[in-house]
Amino acid sequence: MDQSHLPSLCEAYRDYFYIGAAVNEKTIRTHDELIRGQFNSITAENSMKFESLQPAEGVYDFTLGDELIRYAGERGLRMRGHTMVWHNQTPDWVYKKDGAPASRALLLARMEEHIKTVAEHFTNPYAWDVVNEAVDDREGGYLRSSEWHDLIGDDFIEKAFLFAGKYVKNGAKLFYNDYNESVPDKCRKICRLVRELKETAPIGGLGLQGHYNPYTMPMDEVKRSMEAYAELGVTIHITELDVPAFDRENNTLMGEPTAEMRRIQEEYYEQLFALYRDYREVIECVTLWGVADDATWLSTWPVSGRENEPLLFDRAHQPKPALERILRF
Ligand code: GLA
């Protein structure tokens, strides 16, 4: 479909921040026209995660990651690297030695080797999510229990940043990235973590995933959290933005969004971008977790059987009213 008539989102925001999209080896083909017209930054949806890059010990596969790097180069897009150390999409061998849990020393050695190899291979990204989702969602807890955490200790995050600082050579900023970042208790913990890291490790950025639920996350809380994050003295990226039409706490509603759901989603997007514009001094990039509504993880999560239509372009790759609203400023 010809999209040359569309106004360009990334052009409209040129003086504010980069506009990114998560892509994969399929969508760079099926959504190429939208990506190159509307976005100026990309993130690999899966292909730079641990399990994709090093499925077995010492066996690296850079094929898909390289394809995205090549694509970004051809289209003149910036690239975010995502993600080096995470408790999901990491193969089990990483945490094991002869069937037993790996020692702290071994796990740290594997972490260093992985970060070194990946950083030395992919030299294009201008930002790296070094550690993803290490903070506990539960009130009272601080760091999440995970193999990385439980086998190494609280300092696994600091170590990951120190390794990344040692091997990332192109000046790319090193990010901590997390979700539920506007929940007040979690926001306090993320701020604490960033402050602690700043004392000893080369953290340059904070990634706010932005997987919002417009039914449970009041805009006032989003604003308050942004105020707190803006004071940390690091660059902010919104890294995985999407606004589902359905309330993800209510898994009984199915099918297509109603007109009312669409209205709520559009308003939420409008308010979010107004907020992001207010924080342009600290926000460097806003990345959506996908390009258009025909390819989004929210078609199957938290349940299948409903179309969350969480992005700014519809299933036919046409602009949605939410997009029109965020272009009006
Ligand atoms: C997390 C990860 C992303 C992606 C999304 C859901 O937020 O950081 O890489 O897996 O979940 O698709």
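Predicted model: local features only at pLDDT ≥ 70, side-chain atom pairs only at ≥ 80, totals over all residues.
Student: How far apart are the end C-alpha atoms of helix α9?
Tutor: Let's start with what to expect. Helix α9 covers residues 184–200, and at 1.5 Å a residue its 17 residues should span 24 Å. The model agrees with this, as the end C-alpha atoms of α9 are apart by 25 Å.

Student: Which elements do the buried residues of α9 pack against?
Tutor: Good one to look up in the structure! The buried residues of α9 include C187, I190, C191 and L197. Their packing partners are α8 (156–167), β7 (173–178), β8 (205–208) and α10.

Student: How are α9 and α10 arranged relative to each other?
Tutor: Look at the axes: they come within 10 Å and cross at roughly 10°. Angles under 35 degrees count as roughly parallel. α9 and α10 are therefore roughly parallel to each other.

Student: Which residues of α10 make the contact with α9?
Tutor: On the α9 side, the contact is made by P184, C187, I190 and C191. On the α10 side, the residues are E221, S225, A228 and Y229.

Student: What is the handedness of the crossing of α10 and α11?
Tutor: Helix α10 (residues 219–230) and helix α11 (residues 259–278) pack at an angle of about 20°, with their axes 11 Å apart. That angle makes α10 roughly parallel to α11. Their crossing is right-handed.

Student: How many nonpolar residues are in the contact of α10 with α11?
Tutor: From α10 come M219, V222, K223 and M226, which meet Y268, Q271, L272, L275 and Y276 in α11. By class, 1 is polar, 1 is charged and the nonpolar ones number 7.

Conventions: Residues numbered from 1 in each chain as written. Heavy atoms only, no water. Axes fitted to C-alpha atoms, helices over the stretch in contact; angles between N-to-C directions. Helix = DSSP H or I, 4+ residues; strand = E, 2+ residues; numbered from the N terminus. Parallel < 35°, antiparallel > 145°, perpendicular 65-115°, else oblique. Left-handed = near helix turned anticlockwise from the far one by under 90°. Contact = heavy atoms within 4.5 Å. Nonpolar A, V, L, I, M, F, W, Y, C, P; charged D, E, K, R; others polar. Expected span 1.5 Å × (residues − 1). Buried < 20%, exposed > 50% of the residue type's maximum accessible area, 1.4 Å probe, protein only.
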